[in-house]
Amino acid sequence: MKRPPKAIALISGGLDSLLAAKVIQEQGVEVEGINFFTGFCVEGHTHAIRKKDKNKPKRNNALWVAEQLDIPLHIVDIIEDYKSIVINPQHGYGANLNPCLDCKIFMVSKALQWIEESDDEYDFIITGEVIGQRPMSQRKDTMPVIAQQSGANDRLLRPLCAKNLPLTLPEREGWVDREKLYDFNGRNRKPQMALARQYGFIDYAQPAGGCCFLTDKNYSSKLADLWQAQGERSYELDDIMLLKVGRHIRPRAHYKLIVAREEGESRYLQGYKQQFPHLQPVSHGGPLTLLDGAPTHDDIELAARIAARYSQGRDAESVTVDVVFDGESSTIKVTPLPAHEISPEWMI
Amino acid sequence: MAEQIKLDARNLLCPLPVIRTQNRVKTLKPGDTIEVTGTDPGILNDIPAWCRISGHEVLEQYSLDNEYIISLRVGERSRHTT
């Protein structure tokens, strides 16, 4: 090879992908980053809609990692293609609706496709995977499955656990020195933390909580509810974004309410007022509430009573609510629904 | 002649405003400017970060009535992300 070897690193924004890219960079390989946006990615800004998360850093961790490594980052929207992975994972789901093994295969295959379509030449792919770290996708028996089914085969290098795996192309070709790779194994994070200290990385994203909403039990429940209500497994981007926001209440099978929990969420839901029927308490302070599904005129009173329940007039005799339904605006007075009349089964 | 482009990224959560900016910038030439308007305050951090690693220059950033506006000038292609 006349030019220096070049690799593309899958950058999630977490510590492992940061370290994996750094380890290879240190061996003189030119590294660029690639980050895939599925629509389910957990980002500080999504949290930042809510006040309780105001103290979390408002940064995109993948961009932060790229800055630390001083590498370009290619951010790729895979929302549409990713739907088939979520809806019909060949290897099934994890504890919730997380198709982790299919997801990893898909992302590596997308990285492979991306480098094959690129004008630049890339020699191999790096991930931050560590054997035994994740119960579904990062096991000794699933690592080869990812390499094979993605089509990357021996062009896929996992620098943090490479010594526990068969030789890969970049090692055989001498582009990287296997002796300078690692043999991390299991859920213990101390080796990664020590390596981070060695490289001087201190402000990296903490692993707790994961990087995907699909691993979250509450989020998965809302997605399962959406599919059940629709009668089919499908979604649009707006659907899955709205599942991240507000209190979701389904008093009837054919519609649900999305009730903002605070000012930040109200502000975010404002952007959906043109698309959804909505309610706004006006006699008392209260949250913007969207109606999702197929509500009818007969449903408006109950929906308004529920919305009033979450207003500052919850104990008042009546609350005035502005209603926009079927493109027409009206105002109604309702009695807030008492807490005991809100069935726990309505809460998604 | 440098182009001046406006990009509406309102009601998009991170990282979609960055992706839309990245994809629009791909179609521009060095020296062109683009003004991005969003409602996610995160763009004031993310778009400058993306500019730093991609070689573009942030010209101005401010907030107005719950919207966040950031202007940038497209840099040379050497570190251009695709």
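1. Domain bounds here come from an automatic or database domain assignment. The model is predicted. On that assignment, chain A splits into domain 1, residues 6–212, and domain 2, residues 245–346. The centres of domain 1 and domain 2 of chain A, taken over C-alpha atoms, are 41 Å apart.

2. Look next at a helix pair between the chains. The crossing of α3(A) past α2(B) is left-handed.

3. Which residues make this contact? On the α3(A) side they are Leu63(A), Trp64(A), Ala66(A) and Glu67(A). On the α2(B) side they are Asp46(B), Ala49(B), Trp50(B), Arg52(B) and Ile53(B). By class, the contact of α3(A) with α2(B) has six nonpolar residues, three charged and no polar.

4. Now the sheet in chain B. Four strands form an open sheet in the order β1-β2-β4-β3, and the pairing is mixed. The edges are β1 (4–9) and β3 (57–64) of chain B; each has a single partner strand, so one side of each has no neighbour in the sheet. Neighbouring strands of this sheet are turned by 15° against each other on average, direction ignored.

5. Within that sheet, β3(B) pairs with β4 of chain B (residues 67–73) in the antiparallel sense, over seven bridges. Ser63(B) stands opposite Tyr68(B) in β4(B). Helix α2(B) packs on this sheet and touches β1, β2 (33–38), β3 and β4 of chain B. The direction of α2(B) makes about 10° with that of β4(B).

6. Chain A has an open sheet of six strands, ordered β6-β7-β9-β8-β10-β11, with antiparallel pairing. At the edges stand β6 (247–252) and β11 (328–334) of chain A, each with a single partner strand, so one side of each is left without a neighbour in the sheet. The twist averages 25° from one strand to the next.

7. One pairing in detail: β7 (residues 255–259) and β9 (residues 289–293) of chain A run antiparallel over five bridges. Tyr255(A) has Gly293(A) in β9(A) as its bridge partner. Helix α12 of chain A (residues 300–309) packs on the sheet. Helix α12 touches β6, β7, β8 (278–281), β9, β10 (319–325) and β11 of chain A. The direction of α12 makes about 130° with that of β10(A).

Conventions. Residues numbered from 1 in each chain as written. Chains lettered and ligands numbered in written order. Predicted model: local features only at pLDDT ≥ 70, side-chain atom pairs only at ≥ 80, totals over all residues. Left-handed = near helix turned anticlockwise from the far one by under 90°. Helix = DSSP H or I, 4+ residues; strand = E, 2+ residues; numbered from the N terminus. Contact = placed C-beta atoms within 7 Å. Nonpolar A, V, L, I, M, F, W, Y, C, P; charged D, E, K, R; others polar. Pairing = 2+ DSSP bridges. Axes fitted to C-alpha atoms, helices over the stretch in contact; angles between N-to-C directions.
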